[in-house]
Amino acid sequence: MNSQLSLSTIQSLVDGSVANPGSLLGRHPVNYRGREATSVRVLEPNAESVWLIDSASGLRRPMRRLHPGGFFEAICDEPITKPSTSRLQMIDKTGKEIKTTSPYTVPSIFSDLDRYLIGEGRHNQLYERLGAQLREVDGVKGVNFAVWAPNARSVQVVGDFNGWDGRGHVAQPVESTGIWELFLPGATVGQKYKFRIQTQHGHWMDKCDPMAFAAELPPLTANIITDINTYSWNDSDWLQQRAEMDPMHTPMNVYEVHLGSWQKGPGRTHGWLDYRDLAKRLVDYCHRMNFTHVELMPISEHPFTGSWGYQSVGYYAPTSRHGSPEDFMFFVDHMHQNGIGVLIDWVPAHFPKDDHGLRQFDGSALYEHADPRQGEHPDWGTMIFNFGRNEVKNFLIANALFWLDKYHIDGLRVDAVASMLYLDYSREDGEWIPNRYGGRENLESIDFLRDFNIAVHENHPGVITAAEESTAWPGVSRPTYDGGLGFTYKWNMGWMNDTLSYMRNEPIHRKFHQNELTFSLIYAFTENFTLPLSHDEVVHGKGSLISQMPGDMWQKFANLRLLYSYMWTHPGKKLLFMGGEIAQWTEWNADDGPQWELLDFDTHRGVQQLVADLNKVVIENPALHWHDFTGDGFEWIDAQNAEDSVLVYLRKGAEGDPPILVCNNFTPVPRDNYRVGVPAQGFWKEIFNSDGEAYGGSNLGNYPGCHTTGIEHHARPDSIEVTLPPLGTTILRLES
């Protein structure tokens with residue numbers, strides 16, 4: 001029997017240089033000896049013998065080796081009447097018998113609707129088609145591999161299943177999508193793989209799967225075939241409650257955590273605890289500290305540990321540093337079952353240049369811009385996503401939905417939004433390209449952010465999105481239908497910078513800087529703000545928060561307690577980075593983590609207890625969280641006493657909620673009999689005092705509270721006389 005393929009064509013198959021092997025391999029109609037017949041062709045480089053199995057009778061038909069590189073062919077008398085798979089029996093070079101199916105006779109996993117949505121850039125469940133999908137075809141189990149590489153000359157699937165020799169496993173192009181696809185029977189969970197891509201210039205390179213669900217422990221880089229649909233969730237009550245929650249009116253005290261350094265475990269790789277250990281420890285700690293949520297610094301797979309996760313390669317894979325995808329599902333599930341929400345940092349602004357990653361993925365600027373004035377970030381040495389490309393937008397939006405769908409994440413904090421909004425971000429004149437109107441706004445990125453927020457809020461009610469955005473861009477947290485970007489919250493970077501700048505001043509000089517505190521209330525309700533004291537405030541030479549406080553040892557601790565008390569009573573949701581709650585002295589180091597040993601000292605335990613109590617006060621008093629985003633929840637009482645560096649204000653909740661009076665003294669001088677106007681007569685109970693003895697203070701305050709005096713003051717119908725503790729905050733609540 002002679003093949004109807006030429007020797008040169010067979011040789012190109014063996015070499016793996018055929019762009020569409022499915023046009024040659026598999027089942028094809030032929031004219032054999034004057035009649036219609038079917039040619040079944042396979043390429044199995046590791047096979048010694050191959051038989052074609054008749055699916056109806058089970059009879060074996062030997063296939064003839066026509067090339068020593070593993071090309072086999074059988075001619076069947078019957079013509080092709082309908083699409084069908086071809087089952088094979090092989091003896092490999094070790095003598096092992098294998099039953100399999102020809103990859104090139106399996107129908108595509110992509111339906112007409114899939115192809116249409118992918119072309120439009122609107123396939124929200126892209127993660128159920130691309131990547132390595134477990135699949136069963138005609139009773140044969142295997143894995144369907146698919147990758148977007150429109151400018152590749154050829155794509156091979158390599159891995160444990162073929163000895164990392166992809167010549168016999170060349171993917172097929174999926175019509176009009178730029179996607180390459182191959183079903184590999186016998187491939188199974190736990191095996192490692194990559195895509196071997198040939199560029200238009202003939203260069204071969206091994207790339208990680210952009211949609212992979214798991215990866216090896218860095219510095220190893222292969223992906224791992226994973227089934228992410230086997231975990232049994234137990235958080236239905238939480239999800240229902242979340243969907244009914246109004247994020248505008250609920251307390252949110254967020255604990256920002258770097259999982260790799262929060263706590264360490266002896267005998268672990270680099271001391272990294274696994275997700276299950278971390279879940280149990282974090283639940284206990286959050287309950288003790290009254291945090292409502294944890295926010296995890298990026299947990300998607302990243303090659304360089306020192307990037308803290310902000311330079312991601314595996315956008316769909318939780319880092320293997322702490323265990324498997326199922327382990328991370330347990331983490332989220334356990335947090336939810338214990339009433340703790342889970343937010344994650346999400347990084348759609350940029351990605352690293354690692355050879356196995358997204359950069360020049362198919363030999364071209366596929367995910368990034370080709371022009372470095374648009375495609376490279378000058379500060380971080382990373383690549384910028386091309387948001388004007390439908391497939392790139394689809395990759396990222398589907399990724400956001402993936403974390404919410406498959407891992408039940410409660411919110412996404414979007415990193416570096418400012419860098420996405422402006423084309424000239426961190427660039428000099430001549431280093432950036434204006435938009436089509438000649439402006440500096442990144443119009444494609446703006447559209448992407450709006451589409452992202454619409455997709456998240458429509459598909460997952462109750463999930464929040466938060467923007468790390470440091471400019472005066474209007475409407476970041478306003479609805480898209482009102483012209484906003486659609487985020488739930490915006491980080492208040494202006495408040496953070498002004499407040500820390502003020503607190504670094506020696507108290508004697510603070511009277512000249514009163515406006516640095518009062519300024520935030522001019523714009524406090526233009527956005528839905530979160531007040532962050534994040535990891536960015538305690539790295540890169542800034543020092544820890546307590547080391548930034550002025551004065552002697554007592555004053556440093558008092559200033560830090562005052563800073564936290566002022567922050568927790570200011571309008572906006574709250575976020576504190578780990579270590580801040582124990583007043584650690586060194587700035588954060590991702591290799592070491594918080595200085596837990598400091599809790600042997602009363603002063604550090606006092607700060608920890610203060611943070612726990614502030615969280616509780618916010619949760620238990622609607623006046624401190626119900627109107628975080630409207631002027632209805634705030635009222636100045638005394639903002640003009642710069643000479644004494646005193647700020648007094650009211651926080652108010654819904655109708656019927658008792659108001660809260662907050663008195664801050666930013667000097668170490670106690671103020672006795674300080675008269676404060678109040679809106680109603682009665683007893684104002686002191687519910688918190690940052691100078692309390694339990695926190696390490698001098699215990700100067702107003703316990704149990706103050707009765708009104710009947711004297712008008714501060715344009716209010718009544719007043720009380722309070723003691724303002726040194727460098728302290730006292731919080732009083734009107735008791736009926």
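These are my notebook entries on what I looked up in this structure, which is a predicted model.

**Entry 1, domains.** I began with the domain assignment, which divides the protein chain into domain 1 (7–105), domain 2 (112–225), domain 3 (252–491) and domain 4 (623–735). I then turned to domain 2 and domain 3, whose centres, taken over C-alpha atoms, are separated by 24 Å. In the contact list I found 34 residues of domain 2 against 37 residues of domain 3. Between them the two domains bury about 2,700 Å², with 62% of it on carbon and sulfur atoms. On the domain 2 side, Tyr127, Trp148 and Pro210 lose the most area to domain 3, and together they make up 25% of what that side buries. I also noted one salt bridge across this interface.

Which residues touch the most other members of the largest nonpolar core? I found that they are Phe331 and Tyr564, in a core of 183 residues, and that helix α8 (residues 390–406) gives the most to this core, with ten residues. Apart from it I found another core, of 16 residues, which includes Ile637, Tyr674, Val722 and Leu732. I went back to Tyr564 and, leaving aside residues up to four places away in sequence, listed its contacts, among them Leu533, Leu576, Val607 and Leu614.

My search of the whole structure gave 32 salt bridges. In one of them the side chains of Asp327 and Arg276 meet at 2.6 Å, N to O, and this pair links helix α6 (residues 325–337) with helix α5 (residues 275–289), the two residues being 51 residues apart. Asp327 counts as buried at 17% relative accessibility, whereas Arg276, at 27%, counts as partly exposed. For the salt bridge of Lys490 and Glu469 I noted 2.9 Å, N to O. Lys490 is in strand β27 (residues 489–491) and Glu469 in the loop between β26 (464–467) and β27, so the pair ties together parts that are 21 residues apart in sequence. Lys490 is buried, with a relative accessible area of 6%, and Glu469 is buried too, at 1%. I also saw that Asp345, Arg413, Asp415 and Glu468 are linked in a network of salt bridges.

Last, I followed an open sheet of three strands, antiparallel in its pairing and ordered β22-β24-β23.

How values were computed
Residues are numbered from 1 along each chain as its sequence is written. This is a predicted model: local features need pLDDT of at least 70, side-chain atom pairs count only at pLDDT 80 or more; totals for chains, interfaces and linings use all residues. Side-chain values use heavy atoms; hydrogens and water are left out. Two strands pair if DSSP finds at least two bridges between them. Helices (H or I, at least four residues) and strands (E, at least two) are DSSP runs, numbered from the N terminus. A nonpolar core is a set of buried Ala, Val, Leu, Ile, Met, Phe, Trp, Tyr and Cys residues joined through side-chain atoms within 4.5 Å. Buried means under 20% relative accessible area, exposed over 50%, partly exposed in between (1.4 Å probe, protein chains only). Contact means heavy atoms within 4.5 Å. Domain bounds come from an automatic or database domain assignment. Buried area is the accessible area (1.4 Å probe) that two parts lose on being put together, summed over both. A salt bridge is a side-chain nitrogen of Lys or Arg within 4 Å of a carboxyl oxygen of Asp or Glu.
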